[in-house]
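Reader: I am new to reading protein models. Could we go through the terms one by one?
Author: Gladly. Here is the model.

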Amino acid sequence: MAKTSLRSLLARVGLDWFILALLAMIGLARIWPEPGVQEGPLSLSALANYGVSLIFFFYGLRLNFSQLRAGLRNYRLHLVIHLTTFIVFPAVVLTARSFLMTPDTTLLWLGIYYVAALPSTVSSSVVMVSIAEGNIPAAIFNASISSLIGVFITPLWMSFLLASRGGEYDLSSVIGKLTLQVIAPVVLGLLLNRRLGWFAEKNRTALRYFDQVVILLIVYTAFCESFTLNLFRDYSVGDLLALAGLMLGLFFLIFGFVTLVSRLLTFNREDRITALFCGSKKSLVQGSVMANVLFPGSLAGVALLPIMMYHALQLIVASILAQAMAHRQRKASETVQQRV
């Protein structure tokens with residue numbers, strides 16, 4: 001009974017086993033980094049890369065052409081979501097970076113900028129839109145398209161900062177690697193949707209757990225590299241709390257921006273909810289995948305820290321907001337019925 005009550009409480013505030021497992025992976029990497037830094041075709045990092053391709057193959061299996069065609073009609077909603085995700089987010093962070101970044105926090109700001117450049121997340125966006133009773137088909141369409149666009153836009157945005165750091169950054173090579181690892185499996189899955197789509201739908205829960213296990217593996221190996229090279233030695237608890245505050249502030253700033261734009265464009269309630277949750281969220285899956293391609297192994301852990309923090313905070317806050325929106329809508333419906 002106590003376990004059930006605890007699980008219910010954690011779920012109500014947006015926490016689940018996955019967020020706790022992410023923290024556990026960081027702790028494990030700190031005390032036992034050796035397995036994560038080994039190399040070879042059957043190393044943990046190699047297995048994580050194989051798992052990533054499977055994640056996006058199964059993701060493609062769940063898509064179908066009719067859903068994509070149906071989603072094209074609501075172009076104003078799509079523009080708000082994708083312009084916010086890929087233009088407004090990076091612009092806000094670049095502006096704040098000019099005033100707040102110090103020489104000691106350069107790597108963390110690289111990670112924050114990485115968060116801003118990432119696409120929207122798929123699963124949690126759709127779940128939150130569903131809880132808040134928004135436009136679910138539009139959420140599925142926009143979250144799916146965002147993931148595909150991100151393969152090209154995110155490396156382009158990152159090229160500005162990574163190239164300025166003085167290292168070699170081959171944009172075409174990065175996009176080529178991501179195309180092979182992300183786009184190709186998605187396309188293959190999409191082509192096999194008619195024959196095998198039922199398998200992905202039937203095993204949706206098991207596949208979600210598979211996704212999460214692969215992400216945990218990526219996080220573990222990335223932090224093993226960073227801890228081995230002592231990249232976190234200069235960061236205090238105060239720095240991490242400040243990072244959490246920045247991530248929370250970024251979420252609410254974008255949420256407020258999308259709210260204002262949605263009202264100016266007179267979106268109905270369902271579209272406004274979809275714009276809010278798809279436009280304000282960022283993908284830990286894509287962040288984990290791209291970090292292995294964009295950053296040297298030693299930097300991946302530092303780069304992943306802000307997106308992990310943003311992921312946890314967006315789940316907690318978005319869950320509370322989505323449930324509040326649903327409750328408000330039910331109350332409004334009850335009031336209308338009583339008047340009738």
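Reader: Why is Thr-266 called exposed?
Author: Its relative accessible area is 63%. Exposed means over 50%, buried means under 20%, and partly exposed lies in between (1.4 Å probe, protein chains only). Thr-266 has 63%, so it counts as exposed.

Reader: What kind of model is this, and how are residues numbered?
Author: This is a predicted model, where local features need pLDDT of at least 70, side-chain atom pairs count only at pLDDT 80 or more, and totals for chains, interfaces and linings use all residues. Residues are numbered from 1 along each chain as its sequence is written, and side-chain values use heavy atoms, with hydrogens and water left out.

Reader: Where is Thr-266, and what is its phi?
Author: Thr-266 is in the loop between α13 (237–264) and α14 (269–280). Helices (H or I, at least four residues) and strands (E, at least two) are DSSP runs, numbered from the N terminus. Phi of Thr-266 is near 55°, a positive value in a residue other than glycine.

Reader: Which residue just after α8 takes a positive phi?
Author: Glu-133, with a phi of about 65°. Glu-133 lies in the loop between α8 (123–131) and α9 (136–164). In α8 itself, Ser-124, Ser-125, Val-126, Met-128 and Val-129 are buried.

Reader: Why is Glu-133 called partly exposed?
Author: Its relative accessible area is 34%.

Reader: What makes Glu-133 and Arg-330 a salt bridge?
Author: A salt bridge is a side-chain nitrogen of Lys or Arg within 4 Å of a carboxyl oxygen of Asp or Glu. Here the N to O distance is 3.9 Å, so the pair qualifies. The two residues are 197 apart in the chain, and Arg-330 sits in helix α16 (residues 297–339). Arg-330 is partly exposed because its relative accessibility is 43%.

Reader: How many salt bridges does the structure hold?
Author: It holds 2. Glu-201 and Arg-204 also meet in a salt bridge, at 2.8 Å, N to O. Glu-201 is partly exposed at 40%, and Arg-204 is partly exposed at 40%.

Reader: Which residues make the nonpolar surface patch?
Author: Tyr-75, Leu-79, Leu-83 and Ile-87 make a patch of about 420 Å². Ile-87 is in helix α6 (residues 75–100).

Reader: Why is Ile-87 called partly exposed?
Author: Its relative accessible area is 45%, so it lies between the cut-offs.

Methods:
Patch = residues over 30% accessible without salt bridge, like charges linked within 9 Å, V, L, I, M, F, W, Y side chains within 5 Å. Areas by Shrake-Rupley, 256 points an atom, 1.4 Å probe, with all protein chains shown as cover.
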